[in-house]
Amino acid sequence: MQEKLTIKEDENKYTFNWGEDNQSKLVLPEDEVDDFFRSILEAEKKMTDIARNIRTEQIAVSHINTQRRIWSYKNENVQIEWKTLLKKIPKEDFINACKVIKLSKKKYDERKQKEKEEYDKKYKILYRLFIFGLISGGIAAFSLALIIGFVFFVREYVHIPIILFTIFGSSFAIIYYMQQKNMKNLVNYTQDNMGENVLPLLSNIPDNRKMVEMIVVAFIVMIVMGIYFSKTIPKILEFYKNPVQQNI
């Protein structure tokens, strides 16, 4: 009697029922389902290849765990060894089961494609927020350095860097908040290789020692530049003011 394959698709797992006994049920997390689909369809291709002589051999193996395998036999039976699933069935039953798997894989691929498109849109938003936040944070840091220099040397002009710091510091805070808020929308898409793109944008605050050292050095340089300009600006103003006063 032919035992039909049924597939139950839940949010985070797939359940395969291929009979009534304990070795006919397989539960896979979503991140392992694609590997199972790939191996099954690879085995089907070899079993239906008219140019290939069917013999006893391994015809497909998991990329995750080499103990998960699919075998063919000279009598055209197919045996699947996949975690809790141990199934040996005739070639015809296996090919019929592959039709069910293809339908399930099509739904899986369509859902993953939609998730990827949604991810790409949100990733672009996150990337733009990161760039704008980086620019705003840099200008805010430069303004803070100018404030420090101007407070000690040119207090009459200190309102200029304070205004700059207020504007760009506020922009940085708002953009940083929006970035973290949008980051929550990408949590569901960071499982496979998505994390390679998302992790660099997790935060505008560096968590790398070299990056921190570089920013500290840059901040010190900005302070020195602020002090330098605070010394030179009065002299420049004095230089251009004197000829006017002399003409008067």
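**Sheets, helices and core of a predicted model**

Read along the sequence, the chain of this predicted model follows the pattern β-β-β-α-β-β-β-β-α-α-α-α.

Biologist: In what order do the strands of the 3-strand open sheet stand?

Modeller: The strands β1 (6–9) and β3 stand at the edges of this sheet, and each has a single partner, so one side of each lacks a neighbour in the sheet. From one strand to the next, the twist averages 15°. The pairing is antiparallel, and the order is β1-β2-β3.

Biologist: Which residue in β3 is the bridge partner of Tyr-14?

Modeller: Strands of a sheet pair through backbone hydrogen bonds, either parallel or antiparallel. Here β2 and β3 pair in the antiparallel sense over 5 bridges. In β3, the partner of Tyr-14 is Leu-28.

Biologist: Is Thr-15 buried or exposed?

Modeller: Thr-15 belongs to strand β2. Leaving out residues up to four places away in sequence, Thr-15 touches Thr-6, Ile-7, Lys-8, Asp-10, Lys-25, Leu-26 and Val-27. The C-alpha atoms of Thr-15 and Leu-26 are 5.8 Å apart, although 11 residues separate the two along the chain. The relative accessible area of Thr-15 is 9%, and buried means under 20%, so Thr-15 is buried.

Biologist: Which strands stand at the edges of the 4-strand open sheet?

Modeller: The order of this antiparallel sheet is β4-β5-β6-β7. An edge strand has a single partner, so one of its sides is left without a neighbour in the sheet. The strands in that position are β4 and β7.

Biologist: Which residue in β6 stands opposite Ile-70?

Modeller: Strand β5 (residues 69–72) is joined to β6 by 4 bridges, and the two run antiparallel. They form a hairpin with 4 residues between them, and Glu-76 in the turn has a positive phi of about 70°. Opposite Ile-70 stands Ile-80.

Biologist: Which residues form the uncovered face of β5?

Modeller: In a regular strand the side chains alternate between the two faces of the sheet. In β5, Ile-70 and Ser-72 make up the covered face. The uncovered face consists of Arg-69 and Trp-71.

Biologist: What angle does α1 make with β4?

Modeller: Helix α1 packs on the sheet and touches β4, β5, β6 and β7. The helix α1 also lies across β2 and β3, running at about 120° to β3. With the direction of β4, the direction of α1 makes an angle of about 145°.

Biologist: Which element gives the largest share of the largest nonpolar core?

Modeller: This core has 27 residues, among which Phe-16, Phe-36, Ile-80 and Phe-94 touch the most other members. Two or more residues come from each of β2 (13–17), β3 (25–29), α1 (30–47), β4 (57–61), β6 (77–82), β7 (85–90) and α2 (91–153). The largest share, 6 residues, comes from α1.

Biologist: With which residues is Phe-94 in contact, leaving aside its neighbours within four places in sequence?

Modeller: Phe-94 is one of the residues that touch the most other members of the core. Its contacts beyond those neighbours are Trp-18, Ile-40, Ala-43, Glu-44, Met-47, Val-78, Ile-80 and Ile-89.

Biologist: Which backbone oxygen does the side chain of Lys-87 reach?

Modeller: Lys-87 has its place in strand β7. This residue is buried, with a relative accessible area of 6%. A polar contact of 3.3 Å joins its side chain to that of Ser-24. At 2.7 Å, the side chain of Lys-87 reaches the backbone oxygen of Trp-18.

Biologist: What share of the contacts in the chain between residues at least 6 apart in sequence joins residues at least 24 apart?

Modeller: Thr-15 and Leu-26, which touch, are 11 residues apart along the chain, and such a pair falls below the limit of 24. The share of these contacts that joins residues at least 24 apart is 53%.

Biologist: What percentage of the residues in the chain is buried?

Modeller: The accessible surface of the chain comes to about 16,300 Å², and 59% of this surface belongs to carbon and sulfur atoms. Of the 248 residues in the chain, the buried ones make up 32%.

Note on methods
Residues are numbered from 1 along each chain as its sequence is written. This is a predicted model: local features need pLDDT of at least 70, side-chain atom pairs count only at pLDDT 80 or more; totals for chains, interfaces and linings use all residues. Side-chain values use heavy atoms; hydrogens and water are left out. A nonpolar core is a set of buried Ala, Val, Leu, Ile, Met, Phe, Trp, Tyr and Cys residues joined through side-chain atoms within 4.5 Å. Buried means under 20% relative accessible area, exposed over 50%, partly exposed in between (1.4 Å probe, protein chains only). Contact means heavy atoms within 4.5 Å. A polar contact is a pair of N or O atoms within 3.5 Å; within protein, one must be able to donate a hydrogen and the other to accept it, and residues adjacent in sequence count only if both atoms are side-chain atoms. Two strands pair if DSSP finds at least two bridges between them. Axes are lines fitted to C-alpha atoms, for helices over the stretch in contact, and angles run from 0 to 180 degrees between N-to-C directions. Accessible areas come from the Shrake-Rupley method with a 1.4 Å probe; for residues, only the protein chains shown count as cover.
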